[in-house]
Amino acid sequence: MERWSGRVAVVTGTSSGIGAAIAQELVKKGLKVVGLARRVERVQEMATTLKSAPGKLYPIKCDVTKEEEVKKAFKWVKDNLGGTDILVNNAGVISMNSLAGGPVENWRKILDLNVLGLSMCTKEALQSMKERGVDDGHIIHINSVSGHKVVDPFFMYCGSKHAVTALTEGLRRELVNQKSKIRVTSVSPGAVTTEIGEASGATPEMLAMYKDIPFLAAEDVADAVLYVLGVPPHVQIHELTIKPVGETY
C-alpha cells in the first residue's frame with residue numbers, strides 16, 4: 001500500500017458500514033480520501049477522529065443518483081486535490097420488493113443507486129484518470145454474493161448486483177481494448193453487519209428473519225479492499241468473494 005500514500009481515493013456511501021470502514025483504513029494508510037455521502041455530517045464527525053492519521057478525510061455531501069451532484073463532487077476533487085486515483089463504489093440499497101407487485105418506486109431506487117450511480121461515478125473517475133495520464137488507477141465495485149446467484153426474496157437487488165458483475169467485466173474489456181493499465185475489481189461480500197437494512201426501510205420483523213445467520217464485519221470488507229489495492233500493478237484481481245464462515249447460500 002506504500003505506493004498509494006498521498007494519492008486520492010473517492011469512496012461513496014461513507015456515512016456508515018462498509019464505506020466508513022474503507023474510508024478510515026485508507027486514511028490510516030496515508031491516502032487523501034474524499035468521502036461522498038448524503039448524511040455528510042456523519043463523515044464530518046469521522047474526519048475529526050482521524051486528524052492524527054497519516055492521510056486525511058474530506059467529507060463531501062453528494063447523492064450519487066443525481067448526475068449534477070456527482071459531477072460537482074468530482075470537480076471539487078479535481079480543483080482541490082488534483083483528481084481521482086482510486087474510486088470505491090460502495091453506496092447501495094437493498095429491498096425485499098416483489099417482482100409481481102413492486103412497488104416500482106423501490107425498484108427505481110435500487111437501480112438508480114446500485115447501477116446508474118455506480119456507473120456515473122465510474123465515468124467521472126475514469127475521465128479524471130485519463131485527463132491526467134494516470135494509468136495505474138483502480139476502480140473497485142462493492143458488489144455482493146447476490147451478484148452471482150439469486151437470493152430469496154431480494155430479486156430486484158440481485159438483478160442490480162448481477163448488473164454490477166457484468167459492468168465489471170465490461171469495463172475490464174474496455175480498458176484492455178484501450179491498452180490501459182487501470183484496473184477494475186468486484187468485491188463480493190456475503191452478509192455484512194451494516195445499517196443497509198434499516199436505511200433501506202426494512203421493518204424490525206424483516207430484520208429479525210436474519211438475526212441468527214453468520215455475518216462479516218464491515219472491517220473484513222475493508223481489509224479485502226486493501227488487499228486488492230496492495231497487489232503488484234501487473235496483477236488484476238477481477239473478482240474477490242468474501243463470506244462469513246457458515247454462510248449457507
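**View 1. Strand S5 and its covered residues.** Strand S5, which spans residues 138–142, is mostly covered, since five of its five residues are buried (buried means under 20% relative accessible area, exposed over 50% and partly exposed in between, with a 1.4 Å probe and protein chains only). Strands (E, at least two residues) and helices (H or I, at least four) are DSSP runs numbered from the N terminus. His138, Ile140 and Ile142 point one way from S5, whereas Ile139 and His141 point the other way, and all are buried. This is a predicted model, in which local features need pLDDT of at least 70 and side-chain atom pairs count only at pLDDT 80 or more, while totals for chains, interfaces and linings use all residues. Residues are numbered from 1 along each chain as its sequence is written, and side-chain values use heavy atoms, with hydrogens and water left out.

View 2. Strand S4 (residues 86–89) runs parallel to S5 and is joined to it by four bridges (two strands pair if DSSP finds at least two bridges between them), and His138 in S5 is the bridge partner of Ile86. Strand S6 (residues 183–189) also runs parallel to S5, with five bridges between them, and Thr185 in S6 is the bridge partner of Ile140.

View 3. Which kind of surface position does Val150 have, buried or exposed? Val150 is exposed, because its relative accessible area is 56%.
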